[in-house]
Amino acid sequence: MVLLSEIAIWMAFIISSYFLIFWLLVLLEEDPDSYSITKKLVVFPLVSIVIPAYNEEDSIVETLKSIITMDYPKEKIEVIVVNDGSTDDTKELVEGFIQKNSTWKIDLINQVNSGKGVALNKGLKKSKGEFFACLDADSFVKKDTLRKILPYFDEGDDVATVLPLMKLRDTTTFLQKVQWSEYLINFFYKKLMGMLDCVHVSPGPFSVYRSKILKKLGGFDEHNLTEDLEITLRLQKHNYRIIQTLNAEVFTKAPKKFNEFYKQRNRWYKGSLINMFNYRGLIFNRKYEEFGMQHAPRIATAGILAFSLILITVYHFFQPLIQNIVALSHIKFDIFTLLRDFKLNISFLSFNYVNLFFAGFIFILGLIIIYYAHKFTKENWKSRGRLAVPAYLVLYSLLLSIVWAGIAVDFMRGKIQKW
């Protein structure tokens with residue numbers, strides 16, 4: 001078991017270091033700012049914005065307000081809200097908003113609860129816009145977001161999707177502040193991935209699609225845990241381009257409590273594994289260049305690596321604990337005598353310097369990534385408190401390890417996941 005844990009640690013170090021160094025080399029080779037387009041729109045195409053909503057009474061009105069206050073001609077925007085069988089006041093709030101803003105083209109579709117994929121496809125079928133934007137009902141766009149996104153489609157007819165930089169709006173709890181750092185770092189990574197056409201997910205908060213491509217591919221998978229990831233893998237399979245921006249912003253809400261965080265991430269990562277299995281033909285396929293040879297294998301092995309590290313951690317924690325319990329049983333758990341005779345005997349020769357080197361090396365690479373993530377997303381690392389980034393460094397891997405452990409148990413139990 002000791003040998004296996006050492007091998008697993010070595011593998012984790014090699015794989016983690018490889019990808020961290022790879023993306024840092026991409027950053028040194030290419031300036032992300034050079035991939036940003038700042039030209040102004042001259043022609044304003046019709047854009048259909050579809051909002052799937054299920055029990056979103058707390059945020060739906062504010063989401064709609066963020067749309068009608070965008071700096072974009074209102075006659076070139078159509079809004080379609082698909083109420084997915086809400087049991088709260090979502091329907092009534094949307095109807096009231098439509099009445100108060102009758103000069104805007106806002107339609108409401110009511111359906112029995114059928115899931116996000118069905119809601120998006122109903123909106124897609126009704127939409128008339130050259131571009132199709134999906135917006136989660138708990139997310140909010142900035143005034144200039146659409147103006148900054150659309151020019152990227154001029155890069156070529158093969159550009160299928162353009163994604164904004166997603167930031168958290170409210171960070172009142174400690175967990176949300178950890179996620180604030182996570183979002184900035186992940187979207188910085190996505191920008192680097194986009195430079196090599198390696199983006200694998202188009203999130204719900206205001207991903208903008210070229211409508212004819214989306215319709216050509218048959219819309220969204222209505223039975224998928226992560227329909228946003230599935231459609232992106234489908235676009236990659238058909239060699240379409242997905243562009244990640246950092247100059248167009250959208251804000252969303254994050255889970256406040258761990259049980260909400262766990263449920264959300266369990267669905268996300270489980271959906272990733274299932275979709276990568278369904279699209280396993282992309283893995284190590286030279287036809288898809290960097291996406292097939294670099295990124296798809298990383299997604300496919302992320303869960304295995306995380307679960308292996310959990311087992312190692314549990315083993316190294318419980319093995320000495322069990323040994324100490326057995327030792328105490330030999331002296332009939334006479335703890336007071338043990339404490340009285342206790343002497344602290346630390347030898348620097350007893351440390352595992354190889355593992356310490358691994359941890360230190362990964363830590364330094366992580367700090368470099370964090371620095372550049374904040375630089376290119378134009379955020380101050382102290383803006384959510386001085387502990388946000390340190391907490392991310394210490395807790396994020398632990399939180400995800402718990403999620404991956406839960407996913408492993410779900411798969412072993414044959415648990416059926418619902419959206």
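Contact means heavy atoms within 4.5 Å of each other. The structure is a predicted model: local features need pLDDT of at least 70, side-chain atom pairs count only at pLDDT 80 or more, and totals for chains, interfaces and linings use all residues. Residues are numbered from 1 along each chain as its sequence is written, and side-chain values use heavy atoms, with hydrogens and water left out.

**Figure 1. Helix H2 and its cover.** Helix H2 spans residues 60-68. Helices (H or I, at least four residues) and strands (E, at least two) are DSSP runs, numbered from the N terminus. The buried residues of H2 are Ile 60, Thr 63, Leu 64, Ser 66, Ile 67 and Ile 68. Buried means under 20% relative accessible area, exposed means over 50%, and partly exposed lies in between (1.4 Å probe, protein chains only).

**Figure 2. The salt bridge between Asp 71 and Arg 147.** A salt bridge is a side-chain nitrogen of Lys or Arg within 4 Å of a carboxyl oxygen of Asp or Glu. In this pair, the closest N and O atoms are 3.2 Å apart. The bridge links distant parts of the chain, 76 residues apart. Asp 71 sits in the loop between H2 and S2, and Arg 147 in helix H5 (residues 145-149). Asp 71 is partly exposed, at 40% relative accessible area. Arg 147 is partly exposed too, at 27%.

**Figure 3. The salt bridge between Glu 249 and Lys 142.** The two side chains meet at 3.5 Å, N to O. Glu 249 belongs to strand S8 (residues 241-252), while Lys 142 lies in the loop between S5 and H5. The partners are 107 residues apart, so the pair links distant parts of the chain. Glu 249 counts as buried because its relative accessible area is 14%. Lys 142 is partly exposed, with a value of 33%.

**Figure 4. The salt bridge between Glu 182 and Arg 265.** These side chains meet at 2.5 Å, N to O. Glu 182 is in helix H6 (residues 174-195), and Arg 265 is in helix H9 (residues 258-278). The pair connects distant parts of the chain, 83 residues apart. Glu 182 is buried, at 2% relative accessible area. Arg 265 also counts as buried, at 0% relative accessibility.

Figure 5. Across the whole structure, a search finds 15 salt bridges.

**Figure 6. Surroundings of Leu 168.** Leu 168 lies in strand S6 (residues 159-168). Leu 168 is buried, with 1% relative accessible area. The C-alpha atoms of Leu 168 and Phe 251 are separated by 5.4 Å, although the residues are 83 apart along the chain. Residues up to four places away in sequence aside, Leu 168 touches Gln 176, Gln 179, Trp 180, Tyr 183, Phe 251, Thr 252, Lys 253, Ala 254 and Arg 384.

**Figure 7. The whole protein, for orientation.** The protein has 13 helices and eight strands. Of its 419 residues, 48% count as buried. Among contacts between residues at least 6 apart in sequence, 83% join residues at least 24 apart.
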